[in-house]
Amino acid sequence: MQEDPIASSNGIIVNAGSSRLLFDPTLGRRLGEDWNVFITHAHSDHTYGFATSARKHSTPETLHIYESLSQRKVKNDRTVRIGERIQFDDVEIRVLDAGHMLGSCQFQLITPEFTALYTGDINCVDTLTTKPAQPVSCDFLIIEATYGHPSYVFPPRDTIYADIIRWTMTEIGENRLPTFQVYSSGKPQDIVRLFNVYTKIPVVCSPGISRANRVHNENGFRLEYLDSSTPDGRHALKRRGCVYVTTSRRDHVPRNASRAVATGWALREAFRSFTAFPLSSHADYNQLLQFIAAAKPKAVYVFTGYIDVLSAQIERKLGIKAGPLPAHAQTKLLDFPKSAT
Ligand SMILES: [Zn+2]
């Protein structure tokens, strides 16, 4: 049976020319040194590839955030900067900004048979720490659908920022400790920068977030914060009058904290005992459709989240064939173009 050019198996496999390339492996499966894996960004659901023996390709920022959070040194890594390209026999891979967090990238593939764009996680609006992802034209587009449902259209980011600041000032005014519970990297640095840029409110961060903050500062950001594990950080938390940004581990959250989350899911889900702000680092439904229309692909492979809903919308609204990735070595879902255009 002829192999699909693009398929799903422990990540996304692309068979092109004489190369077999694996993007964002999803399992800690053993991969030998002869494999080339590509890691789009440092969120933990995309970094399994760093724990394998394969040759690992990522941006230096992604590698450094991973090493800093895992406190492990990665071996057999090949860093490549956004805007650069790598050649594998007859396949050229270009590294493009994904706008999702520091160092996040998309991979564009130019092969003798077709062109493809694998987005990883993308965000298409400006944030305080990232620039928007830009689409490029391609035959095959492999795109995320985390918020690929018409009910997920985010308010303007400035409105959300203003709501966050207003809530934080109210909580401080009432002698409570406003506390954001978030992942270690990406969103928290946007929140730290929000308070740094628009307020004089001191920011305290838990140790994991502080480690990711340091990588940001090594890359030209000037995040001002106190690490909660230091005497100054502990003192600020005790005195109040500050905002606390921490991971979700319960032992990091002081008693009497006023807790908040910042996630796109806040648009439709209730978060009991949390104030929820729809601040996302992903594209919403409208951004996804605009991105796909601009890429003008012949076919779209959709992964993660609302795969079926977004695929149906792409076919109905854009007239482009769309569906989930075929499982590796199984029947083809999409026709393989005979030549690239
Ligand atoms: Zn992510």
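Mentor: Bear in mind that this is a predicted model. Start at cysteine 205. Its relative accessibility is 0%, so cysteine 205 counts as buried. Cysteine 205 takes part in no disulfide. Its nearest cysteine sulfur belongs to cysteine 242, 10 Å away. Cysteine 105 is buried as well, because its relative accessibility is 1%. The closest cysteine sulfur to that of cysteine 105 sits in cysteine 124, at 15 Å, which is too far for a bond. A disulfide needs two cysteine sulfur atoms within 2.5 Å. By this rule the disulfide count is zero.

Now the metal site. The zinc ion has four coordinating residues: His41 through NE2, His43 through ND1, His100 through NE2 and Asp121 through OD. The distances run from 2.2 to 2.4 Å. Along the chain, these donors follow the spacing H-x1-H-x56-H-x20-D. Histidine 41 and aspartate 121 link distant parts of the chain, 80 residues apart. Histidine 41 lies in the loop between β4 (36-38) and β5 (55-58). Aspartate 121 lies in the loop between β10 (115-118) and β11 (140-145). Both histidine 41 and aspartate 121 are buried.

Last, the geometry. The four donor atoms subtend angles of 88 to 170 degrees around the zinc ion, so the arrangement is irregular. To count as tetrahedral, four donors need all angles between 85 and 135 degrees. For reference, the ideal angle for four tetrahedral donors is 109.5 degrees.

Note on methods:
Residues numbered from 1 in each chain as written. Predicted model: local features only at pLDDT ≥ 70, side-chain atom pairs only at ≥ 80, totals over all residues. Heavy atoms only, no water. Donors = N, O, S within 2.8 Å, 3.2 Å for Na, K, Ca; no water. Tetrahedral: all angles 85-135°; square planar, octahedral: opposite > 155°, others 65-115°. Helix = DSSP H or I, 4+ residues; strand = E, 2+ residues; numbered from the N terminus. Buried < 20%, exposed > 50% of the residue type's maximum accessible area, 1.4 Å probe, protein only.
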